[in-house]
Amino acid sequence: MLCRRGWLTLAAFSLPLVLAAVSRRDAMAAKGITLDEAIARALKVAPSLESAAAQTDLNRGRIEEARAPLFPWISGNGEYYQPSGYDKTISNGGLTQGQFALTYTAFDGGRRSALLRAARYAAQAATLGLKAAQAQVVFDTTVAYFDLLRESETQAELATSAGRLAKYVNIVEALQRSGRAIANDVLTLRVTRDAAELSLAAGRQAQAQASILLGSMIGDFGDTSLVVAEVSGLPPPPTGDFARTPAYQAAVRQLQAAKLAVDAARAERVPNLNLTLTTGWQGVNPPKTFGHHFGASYDGAVAVPIFQGGLVRSHIDQALAGERAALAQQGQIELQVKRDLAAVNVRYQGALDQLAILHHSQQSASDAFALDWTRFLGGGNVTILEVTNAYQQAENLRVARYDQEFNARQAAAQARMILGLLQ
């Protein structure tokens, strides 16, 4: 009798393990999308990158706009004017001209160069914004990938658990038929199996939703059957100086641009010197003008601002306010980056600590269940309720491991996003 019960116990533990090994082998045989492939596809279809790239192009265009006043301007003009109703003594008989004019601002107190440098800093900030947008896409895709991996592993574990419980129900039903178990034992174990099947159904739904989320990021909208490749090990959280993060570097460049905007506003008080050279024809009647009156002229003009009703003062005040806002923004981003990096490291370390606890506690829970199950099969002083409680504790610890692995991977991915790392 003891020998037979021993074989039943061995079969109860061996068969589910064999089935689980076969299931995992089949899952590994199916080629799934890798994380690098998912990220590459997400970077191609993410709308946020198009917006960030457009902003970068816009700021490059503003650099060209700010650089243009540093060069001479060449323009052409033509005019024929005939005031036939006026006295020729006054109107000089009319005006005919066709000219090319070159105008150059020789001195403006450094206003143009300040605006150009400010535009360059703004363009650099926009480029960093594109890098930050790429890092955000990588982070979102990575989290969605690992979420699908977690749901897939959880669903596989729940399927194994449901199959294992179905075998246990068959064993207890056989024990009931032989008179070594009562109907309540069978009902209790069936309830546990039904609860496992309900969790399995919920797990399938969660897996499908995670597949849809990842699919929407890589261009496979509505795909509920995505398979991700298995990932071994946990990535270490990347380390780096907060001052090298894209957000902080962009804030630094925005502050530099704001300071240069102050310089440009103050330069509005400085006199401007403009030089103009012209060449072409100018006269009265068109035939005579274009036949004989080809000439040139030069002009130098100094404009001294005296009173504009407070316009220049208002420009300076606005620029100073923008500088203070940029300085405050830089300080806020510094605090936020430092806080986020510290929080990420705490979450990552917390996940590692819980994984270490789960490692030895799961083994203890599995041993406790195995002992209770063996005692129940051997007719020992243990109830089926105690057996199912021990089983559920062991199963919960198995599933909790996937959650903590996801937390560690998510924390590492967030640290990479904060630091602007794409790989």
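This is a predicted model: local features need pLDDT of at least 70, side-chain atom pairs count only at pLDDT 80 or more; totals for chains, interfaces and linings use all residues.

A: A residue counts as buried when its relative accessible area is under 20%, as exposed when it is over 50%, and as partly exposed in between. By that scale Glu334, at 22% relative accessibility, is partly exposed, and Lys338, with a relative accessible area of 39%, is partly exposed as well.

The side chains of Glu334 and Lys338 meet in a salt bridge, with 3.0 Å from N to O. Both residues belong to helix H9, which covers residues 311-377, and they stand four residues apart, about one turn of the helix. Side chains of opposite charge can pair when their charged atoms come close. In total, the structure holds 15 salt bridges.

Besides this pair, salt bridges that share partners join Asp147, Arg150 and Asp403 into one network. Within helix H5, Asp147 and Arg150 are three residues apart, and therefore they are separated by about one helical turn. The closest N and O atoms of their salt bridge are 2.7 Å apart. Asp147 counts as buried at 16% relative accessibility, because the limit for that class is 20%. Arg150, with a relative accessible area of 17%, is buried too.

A further salt bridge runs between Arg164 and Glu395, whose closest N and O atoms are 3.7 Å apart. Arg164 and Glu395 are both buried.

Helices H5 and H10 also meet in the description of a pocket. The second largest pocket holds about 290 Å³ of space. Its lining comprises 20 residues, of which Leu35, Asp36, Thr142, Phe146 and Arg416 are the closest to the centre. The elements that give two or more residues to this lining are helix H2 (35-45), helix H5 (111-177) and helix H10 (384-418), and H5 gives the most, with six residues. By residue class, the lining of the second largest pocket divides into 14 nonpolar, three polar and three charged residues.

Methods:
Residues are numbered from 1 along each chain as its sequence is written. Side-chain values use heavy atoms; hydrogens and water are left out. On a 1 Å grid over the protein atoms alone, a cavity is a set of points where a 1.4 Å probe fits but cannot get out, and a pocket is an open set with protein on both sides within 12 Å along at least five of seven lines; lining residues have an atom within 4 Å of a point. Grid points are joined across faces, edges and corners, and a volume is the space filled by probe spheres set on the points. Ala, Val, Leu, Ile, Met, Phe, Trp, Tyr, Cys and Pro count as nonpolar, Asp, Glu, Lys and Arg as charged, and the others, Gly among them, as polar. A salt bridge is a side-chain nitrogen of Lys or Arg within 4 Å of a carboxyl oxygen of Asp or Glu. Buried means under 20% relative accessible area, exposed over 50%, partly exposed in between (1.4 Å probe, protein chains only).
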